[in-house]
Amino acid sequence: MGGASLWVPNSARAATSPRQIALVNTHTGDTFNDVYWAQDAYVPGALDAIKHVMRDHRCNETHDIDPRLLDELHALKSLVGASAPYQIISGYRSPATNATLHANSDGVAAHSLHMEGRAIDIRVQGIDLPRLRDAALSMCAGGVGYYEASDFIHVDTGRVRRW
């Protein structure tokens, strides 16, 4: 797989429809459940709140989150018909956290998109993990990793690929 993505979120087609997302950080308990895009623009206060929820809980460091990642999550939730919030296993990771995790695990990339705010590891209560993975793959919007033993999928805004 490769090349340009042909995926356009339904929310982008209906430009006047607000986009909402619900998130809960499994490590901190922090939540976000609100509109993050409305009236043809991303909502700055919402992006700041999402940045806080997706922060590196190990060092409390934040980083801007790629809005395209939020759009992917918004579209994914529609595809699977989920009503529960995304459970965040890992959002932003500081370079120091990522280096530590990489040194202790084969499953963590040295140059992870988590460090750029372009990746998230998630699950959704009530949605089977293979179904969530397959829906994410069907979007051809970026990378999708499947971590069955750890009970999450990885979604990012990088090139289209799977593992």
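Analyst: Happy to; we can go through the sheet, the helices, the core and a few single residues. One thing to know from the start is that this is a predicted model.

User: Good to know. What is the strand order in the sheet?

Analyst: The order is S3-S2-S1-S4-S5-S7-S6-S8, in an open sheet of eight strands with mixed pairing. Strand S3 (41–42) and strand S8 (161–162) stand at the edges with a single partner strand each, so one side of each has no neighbour in the sheet.

User: And which helices pack on the sheet?

Analyst: Helix H3 (residues 67–80) is one of them, touching strand S1 (19–25), strand S2 (31–38), S3, S4, S5 and strand S7 (152–156). The direction of H3 makes about 95° with that of S1. Helix H5 (residues 129–139) packs on the sheet too, where it touches S5, strand S6 (143–147), S7 and S8. The direction of H5 makes about 165° with that of S6.

User: Let's stay with H5. Which of its residues are buried?

Analyst: Leu129, Leu132, Arg133, Ala135, Ala136, Leu137 and Met139 are buried in H5. The cover over these buried residues includes H3, S5, S6, S7 and S8. Just after H5 comes Cys140, with a positive phi of about 50°.

User: OK, on to strand S4. How many of its residues are buried?

Analyst: Five of the five residues of S4 are buried, so S4 is largely enclosed by the rest of the structure.

User: How does S4 pair with S1 and S5?

Analyst: With S1 the pairing is parallel, over three bridges, and the bridge partner of Asn25 in S4 is Ile88. S4 (residues 86–90) and S5 (residues 119–124) run antiparallel and are joined by four bridges. Across that pair, Tyr86 stands opposite Val124, and Gln87 stands opposite Arg123.

User: What about the nonpolar core? Which residues touch the most other members?

Analyst: Those are Ile21, Ile50, Leu76 and Ile122, out of the 35 residues in the largest nonpolar core. The elements giving two or more residues to this core are S1, S2, helix H2 (44–53), H3, S4, S5, H5 and S7.

User: Pick Leu76, then. What does it touch?

Analyst: Leaving out residues up to four places away in sequence, Leu76 touches Tyr86, Ile122, Leu132, Ala135, Ala136, Met139 and Ile153. Tyr86 is the residue that stands opposite Val124 in S5, while Leu132, Ala135, Ala136 and Met139 are among the buried residues of H5.

User: Now S7. Is it mostly covered or exposed?

Analyst: S7 is mostly covered, with five of its five residues buried. In a regular strand, side chains alternate between the two faces of the sheet. In S7 both faces are covered: Phe152, His154 and Asp156 are buried on one side, and Ile153 and Val155 on the other.

User: Which strands pair with it?

Analyst: S5 pairs with S7 in the antiparallel sense over four bridges, and S6 also pairs with S7 in the antiparallel sense over four bridges.

User: Last topic: Ser94. Where is it?

Analyst: Ser94 sits in the loop between S4 and helix H4 (95–104). It is buried, at a relative accessible area of 3%.

User: What does Ser94 touch?

Analyst: Not counting residues up to four places away in sequence, Ser94 touches Asp56, Cys59, Glu61 and Met115. Ser94 and Met115 are 21 residues apart in sequence, with their C-alpha atoms 5.6 Å apart in space.

Note on methods:
Residues are numbered from 1 along each chain as its sequence is written. This is a predicted model: local features need pLDDT of at least 70, side-chain atom pairs count only at pLDDT 80 or more; totals for chains, interfaces and linings use all residues. Side-chain values use heavy atoms; hydrogens and water are left out. Two strands pair if DSSP finds at least two bridges between them. Contact means heavy atoms within 4.5 Å. Axes are lines fitted to C-alpha atoms, for helices over the stretch in contact, and angles run from 0 to 180 degrees between N-to-C directions. A nonpolar core is a set of buried Ala, Val, Leu, Ile, Met, Phe, Trp, Tyr and Cys residues joined through side-chain atoms within 4.5 Å. Buried means under 20% relative accessible area, exposed over 50%, partly exposed in between (1.4 Å probe, protein chains only).
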